Amino acid sequence: MLSGMENTKDITVRFGQRVKTLRLQLGLSQEAFADKCGLDRTYISGIERGVRNPTLEVIAVIADGLQIELSDLFVL
């Protein structure tokens with residue numbers, strides 16, 4: 001069984017992979033997507049690699065940038 005921290009890391013990695021998949025489906029580069037969201041490209045990169053843990057506010061901005069409902073980001 002995973003400990004709390006290991007489980008959190010797994011979730012951030014899976015979330016990042018989901019963001020990347022959806023971004024690529026829109027045909028957007030990290031830079032174009034970051035610009036669309038008003039975020040730094042390196043921050044988007046960190047999210048997609050699972051090394052950044054975005055706040056709920058940033059997650060909402062990402063969902064808006066992907067033109068999806070917030071809940072659709074969590075269909076892992």
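Helices α2 and α3 are roughly perpendicular to each other (a label for angles of 65 to 115 degrees). Their axes, lines fitted to C-alpha atoms over the stretch in contact, come within 8 Å and cross at roughly 110 degrees, on a scale that runs from 0 to 180 degrees between N-to-C directions. This is a predicted model, in which local features need pLDDT of at least 70 and side-chain atom pairs count only at pLDDT 80 or more, while totals for chains, interfaces and linings use all residues. Residues are numbered from 1 along each chain as its sequence is written, and side-chain values use heavy atoms, leaving out hydrogens and water.

**Where α2 meets α3**
- Helix α2 spans residues 30-37 and helix α3 residues 41-49; helices here are DSSP runs (H or I, at least four residues), numbered from the N terminus.
- Gln 30, Glu 31, Phe 33 and Ala 34 of α2 make the contact with Arg 41, Ile 44, Ser 45 and Glu 48 of α3, where contact means heavy atoms within 4.5 Å.
- By class, three nonpolar, two polar and three charged residues take part (Ala, Val, Leu, Ile, Met, Phe, Trp, Tyr, Cys and Pro count as nonpolar, Asp, Glu, Lys and Arg as charged, the others, Gly among them, as polar).

**The two sides of α4**
- In helix α4 (residues 56-65), Val 58, Ile 59, Ile 62, Ala 63 and Gly 65 are buried, meaning under 20% relative accessible area with a 1.4 Å probe, protein chains only.
- These residues cover an arc of only 160 degrees around the axis, which puts them on the same side of α4; the arc is that of the directions from the helix axis to the C-beta atoms.
- Turned away from that buried side are the exposed residues Leu 56, Glu 57 and Asp 64 (exposed is over 50% relative accessible area).

**The nonpolar core**
- The largest nonpolar core has 15 residues, of which Phe 15, Val 19, Phe 33, Ile 47, Ile 62, Leu 66 and Leu 73 touch the most other members; such a core is a set of buried Ala, Val, Leu, Ile, Met, Phe, Trp, Tyr and Cys residues joined through side-chain atoms within 4.5 Å.
- α1, α2, α3 and α4 each give two or more residues to this core, and α4 has the largest share, with four.
- Beyond four places in sequence, Val 19 touches Phe 33, Ile 47, Glu 48, Ile 62, Leu 66 and Leu 73.

**Two residues to look at**
- Arg 23, in helix α1 (residues 4-25), counts as buried at 5% relative accessibility.
- Neighbours within four places aside, Arg 23 contacts Leu 28, Ser 29, Gln 30, Phe 33, Glu 48 and Leu 66.
- Gln 67, in the segment after α4, has a positive phi of about 60 degrees although it is not a glycine.
- Gln 67 is exposed, with a relative accessible area of 59%.

Conventions:
Parallel < 35°, antiparallel > 145°, perpendicular 65-115°, else oblique.
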